[in-house]
Structures are given as structure tokens and as C-alpha cells.
Amino acid sequence: MDKNLIIDASAPTGWVGWEVTAEPFGTPDATALRRAYYAEVAGRYWERPATEAEVDEGLADDPADALVPPTGQFVVGRLDGRPLACGGIRLLDPATAELTRVYVDPRARGTGGGAALLGALEEEARALGAGRVRLDTRSDLVEARALYARHGYREIPAYNSGPYAQHWFEKPLG
């Protein structure tokens with residue numbers, strides 16, 4: 001963890017300094033975060049670091065068209081002004097939104113960034129008219145699965161057949 005982070009026990013998440021805002025998918029900060037996300041998930045899957053060419057190829061197959069209103073939104077989380085987290089939400093149907101590309105830089109994990117992202121993305125889902133949020137993830141992404149469980153997401157039967165989907169979660173938006 002970055003030693004420059006400052007704790008504030010009175011903050012709801014235990015940490016202060018996070019701001020999460022909607023941001024176009026292709027800004028320099030959003031692109032750098034998406035590259036870091038893809039490098040991490042691909043590297044963990046392949047059990048070796050992903051090459052720059054592999055990251056480029058993965059991002060080329062990562063369309064942003066569903067992550068803009070009126071079908072979705074992409075957000076960037078900044079800790080004390082530094083872009084260190086991102087995520088997207090997209091509508092699967094009028095009542096169901098799906099989380100995607102949720103990422104917190106390893107240097108900022110444990111600081112409340114994941115909770116801040118989820119809160120912002122759930123608000124975006126509500127604004128899109130969704131009454132529930134779903135997601136899929138892999139078994140090796142244990143931190144992500146723990147984050148979702150801590151924030152009210154429950155495992156459900158498979159709702160898609162994605163090649164990397166091994167766990168499916170859902171949370172009603174009350």
C-alpha cells in the first residue's frame with residue numbers, strides 16, 4: 001500500500017480522499033486504468049505477466065459503446081486526486097444492470113476504493129432505471145469476490161455463458 005495514504009477513522013469507509021465520477025472510456029486516465037485492469041486479469045489468468053501486445057489486443061476487443069448513456073456509464077475513482085480505480089455499468093435489460101471492468105490499483109486496495117466504486121456504479125444503475133445489479137467473475141479473483149460479498153452481492157446461478165465466468169452475483173437495488 002502507498003505510504004502516503006492517510007486514514008480517517010470517522011469516514012464511512014475508514015479512508016478519506018476517494019472521489020468517483022463518470023468519465024469517458026477513452027480519456028488518458030480511463031485508458032491507463034483499463035490497461036492496468038486488463039494486464040492484471042490476463043496475467044492472473046495466464047499465470048504470467050501479460051505483454052503490452054496482449055494488453056493492446058485485449059483492449060481492441062473491449063468496446064465502449066455499452067458504457068455510455070443511455071445504456072451504461074464508465075467511472076474513474078481518484079484517491080487524493082490520483083486515478084487509481086475504475087469500473088463500468090451497462091444495462092442487460094431495462095431492470096438489470098451489469099458491473100464490468102471493476103478495478104482498484106493494488107497500491108490503493110484496502111482504502112475504501114472498491115466500496116466507493118460500487119456505490120457510484122450502483123447509483124449509475126439506478127439512474128439508468130435498473131432495480132438490480134449482476135456481475136460475473138472468476139475463481140482466481142478472490143479479492144473481487146470478497147468485495148462483492150461484503151457489499152450485499154449474493155451468488156446466483158449462471159446468467160451468461162462467458163468464457164471466463166465462474167461465479168455470478170446479484171444485488172437488488174433498494
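Lys and Arg count as positive and Asp and Glu as negative, while His and the chain ends are not counted. The place of a charge is taken as NZ of Lys, CZ of Arg, CG of Asp or CD of Glu. With that in hand, the protein has 19 positive and 26 negative side chains, and the centres of these two sets are 4 Å apart.

You are looking at a predicted model, where local features need pLDDT of at least 70, side-chain atom pairs count only at pLDDT 80 or more, and totals for chains, interfaces and linings use all residues. Residues are numbered from 1 along each chain as its sequence is written, and side-chain values use heavy atoms, leaving out hydrogens and water.

Let's walk along the chain. The protein contains 4 helices and 7 strands, which are DSSP runs numbered from the N terminus (helices: H or I, at least four residues; strands: E, at least two). Their order is β-α-α-β-β-β-α-β-α-β-β. Of the 174 residues, 43% are buried, meaning under 20% relative accessible area with a 1.4 Å probe, protein chains only; exposed is over 50%, and partly exposed lies in between.

Now for the aromatic rings. Rings of Phe, Tyr and Trp (its six-membered ring) pair if their centres lie within 6.5 Å; planes under 30 degrees apart are stacked, over 60 edge-to-face, and the rest tilted. This rule gives 5 aromatic pairs. One of them is edge-to-face: Tyr45 and Tyr164, 5.0 Å centre to centre with 85° between the planes. Tyr45 sits in helix 1 (residues 28-46) and Tyr164 in the loop between strand 6 (154-156) and strand 7 (167-172), 119 residues apart. Tyr148, Tyr153 and Phe169 form one aromatic cluster.
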